[in-house]
Amino acid sequence: MKYQNWLDKNIDDLSNKTIIVTGASSGIGYYEAMYFAYKGATVILACRNLKKANKTKEDILLEVPNAKLDIIQLDLSDFESIERFNTELREKYSSIDALVNNAGVYFMPKEYTKQGYEITMGTNYLGPYYLTCSILDLITKIDGRIINVSSIVHKYAKIDFNDFFGDNLNRNKIYARTKLAITSFSCYLKDFLEKNYPNTTIVTTHPGISATNILAPKSGGFSVWFSKLGSSFLKIFTHSPAKASLSIVVGINKKVNNNDFFGPRGFEISGYPKKVKFKKNSFKYKDDLIKKSIELTNKELK
């Protein structure tokens with residue numbers, strides 16, 4: 001297994017911990033799940049596609065034979081699916097040590113969620129917001145942790161609440177806005193948790209730039225030639241999903257402080273994890289963002 005020595009030296013023992021990883025069936029989420037399992041955690045693979053999730057489970061068990069893995073279906077683009085996930089989760093678990101809001105989509109064709117929202121914002125932000133609100137009591141019960149996965153591109157985004165879903169934006173800017181939204185959500189959670197659940201921690205992370213399957217034609221709406229060209233470029237000039245995931249995995253450590261932010265060392269593009277800084281715009285939108293989120297989802301942090 002890649003980076004085993006680094007994990008041994010830098011990541012806490014996770015025995016008796018239960019961790020949810022959304023989007024664990026591929027890319028960075030796959031390695032997050034494997035690394036958490038290697039350190040002893042029970043990992044819930046929260047995935048939309050059960051066939052892929054079962055293949056992921058088989059693959060992780062080849063690397064980590066003693067891995068404790070559970071699969072619960074979850075489609076973050078559908079609030080009803082999140083409710084079903086919540087119901088099944090509670091049937092199996094009385095508490096959760098960590099939720100990793102990892103799943104996301106990029107450069108999608110013009111599509112809409114089951115609730116009628118633009119697919120990228122619906123999946124990358126509204127879904128994680130809805131899920132976090134739904135299971136927060138399971139996380140705070142044992143002073144757990146939420147790890148939100150952002151992107152380096154959040155730094156270049158803005159949020160217009162009169163055009164929240166970016167009807168007038170290209171797909172790159174919509175994606176960047178969704179990642180600014182999840183980052184701003186973290187900043188709101190910092191204040192909320194300190195006031196209401198001071199022993200529960202929010203951590204924000206981003207993986208830099210990695211050669212994941214985010215450029216796949218089917219998932220991203222790209223042409224085959226562009227997908228191949230882009231993936232080749234990423235493999236040459238950025239780091240692998242296996243290494244990129246370390247910036248997320250490090251967020252599980254006990255010594256991490258509330259609202260710490262981790263990204264890669266090398267210009268925040270590639271490398272081992274380090275603490276990075278929030279951009280001011282992450283704090284600028286947080287209160288209006290939560291108002292908008294409540295309006296769109298009818299869900300509120302409690």
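The face turned away from its buried side carries two exposed residues, Lys291 and Glu295. Keep in mind that this is a predicted model.

Now the helix itself. Helix α12 runs over residues 286-297, which is 12 residues. From its first C-alpha to its last, α12 reaches 16 Å, close to the 16 Å expected at 1.5 Å a residue.

Which residues of α12 are buried? They are Lys286, Leu289, Ile290, Lys292, Ser293, Leu296 and Thr297. If you look down the axis of α12, these buried residues fall within an arc of 165°, so they line one face of the helix.

What do they pack against? The buried residues of α12 pack against α4 (79-92), α5 (119-140), α6 (171-196) and α11 (281-284).

I will take one of these neighbours, α6. The axes of α6 and α12 come within 9 Å of each other and cross at roughly 100°. An angle from 65 to 115 degrees counts as roughly perpendicular, so that is how α6 lies relative to α12. On the α6 side, the contact is made by Ala181, Ser184, Phe185, Cys187, Tyr188 and Asp191. On the α12 side, Lys286, Asp287, Leu289 and Ile290 take part. Sorted by class, this contact of α6 with α12 has six nonpolar residues, one polar and three charged.

Last, the end of the helix. Just after α12 comes Asn298, which takes a positive phi of about 60°.

Methods:
Residues are numbered from 1 along each chain as its sequence is written. This is a predicted model: local features need pLDDT of at least 70, side-chain atom pairs count only at pLDDT 80 or more; totals for chains, interfaces and linings use all residues. Side-chain values use heavy atoms; hydrogens and water are left out. Helices (H or I, at least four residues) and strands (E, at least two) are DSSP runs, numbered from the N terminus. The expected span of a helix is 1.5 Å times one less than its number of residues. Buried means under 20% relative accessible area, exposed over 50%, partly exposed in between (1.4 Å probe, protein chains only). The arc is that of the directions from the helix axis to the C-beta atoms. Contact means heavy atoms within 4.5 Å. Axes are lines fitted to C-alpha atoms, for helices over the stretch in contact, and angles run from 0 to 180 degrees between N-to-C directions. Angles under 35 degrees count as roughly parallel, over 145 as roughly antiparallel, 65 to 115 as roughly perpendicular and the rest as oblique. Ala, Val, Leu, Ile, Met, Phe, Trp, Tyr, Cys and Pro count as nonpolar, Asp, Glu, Lys and Arg as charged, and the others, Gly among them, as polar.
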